[in-house]
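Dear colleague,

Please find the structure below. My notes on it follow directly after.

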Amino acid sequence: MNGPVFDIAHMLAGGLVLVSMMMLYQDRLYALLNMFALHSLVLTLSVAWQAFVQDAPHLYVTAAIALIFKAIVIPVVLHRMIRQLGIHREIETVVGIGPTMLAGIGLVALSIVVMLRVTPQADPLAREDLAFALSVLLLGLLIMVTRRNAVSQVVGFMSLENGLVLAATGAKGMPLVVEISVAFSILIAFIVIGVFLFRIRERFDTVDVRALDDFRGRRRK
């Protein structure tokens, strides 16, 4: 593989990790949604480049799905949902931004060390993409764990799924039927989550998941 091809693929996958770190830093919902749209856009470019490198036309479909649904439709719908629910725009975190960012850096370093050691014989491009994909996945989990707002946890879940897509495309692609089924699964999950958020808002007048914990504690008493 020539240098420019590897460098561009490396830059795009690394850019996805960088945007994940930017998402981890955000403390306002609108900014987090904008970062997720950027996250999905970088994923689109990465998958499209992999389609070109691997000569795999079906990956262009994956890139189109990521662009249409994740970079455009889902962020727009979530913006409208936030306005309709009247959700507080600031995101409450379990720990401070500083410790969270340090934990994110540690997870990225751990992902790179682990993945490069367990795949010494793999294709260099696939190794790099898998290492970055694992970083994105763990950062998505970290967003879900360190945020109390249900919407931000949904965004963390969807960024985690972006990491899975990056891993699948970096490992020489995946069948088109799998990509389509995953896209529809995410869409159905998104609809269910939207209904779930509206029900939480109606019942507790908030989407802070601590309200559910408090309610569960009162029921036990």
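**Findings**

F52 counts as exposed, at 51% relative accessibility; exposed means over 50% relative accessible area, buried under 20% and partly exposed in between (1.4 Å probe, protein chains only). Please note that this is a predicted model, in which local features need pLDDT of at least 70, side-chain atom pairs count only at pLDDT 80 or more, and totals for chains, interfaces and linings use all residues. Residues are numbered from 1 along each chain as its sequence is written, and side-chain values use heavy atoms, with hydrogens and water left out.

F52 also forms an aromatic pair with W49. Rings of Phe, Tyr and Trp (its six-membered ring) pair if their centres lie within 6.5 Å; planes under 30 degrees apart count as stacked, over 60 as edge-to-face and the rest as tilted. By this rule the count is one aromatic pair. The pair of W49 and F52 is tilted, with 5.3 Å centre to centre and 35 degrees between the planes. W49 and F52 are three residues apart in helix α2, and therefore separated by about one helical turn. Helices (H or I, at least four residues) and strands (E, at least two) are DSSP runs, numbered from the N terminus.

D55 lies in the loop between α2 (29-54) and α3 (58-85). Its phi is near 55 degrees, a positive value in a residue other than glycine. D55 counts as exposed, at 64% relative accessibility.

Residues 32-52 are 100% helix and 0% strand, with end C-alpha atoms 30 Å apart.

Yours sincerely
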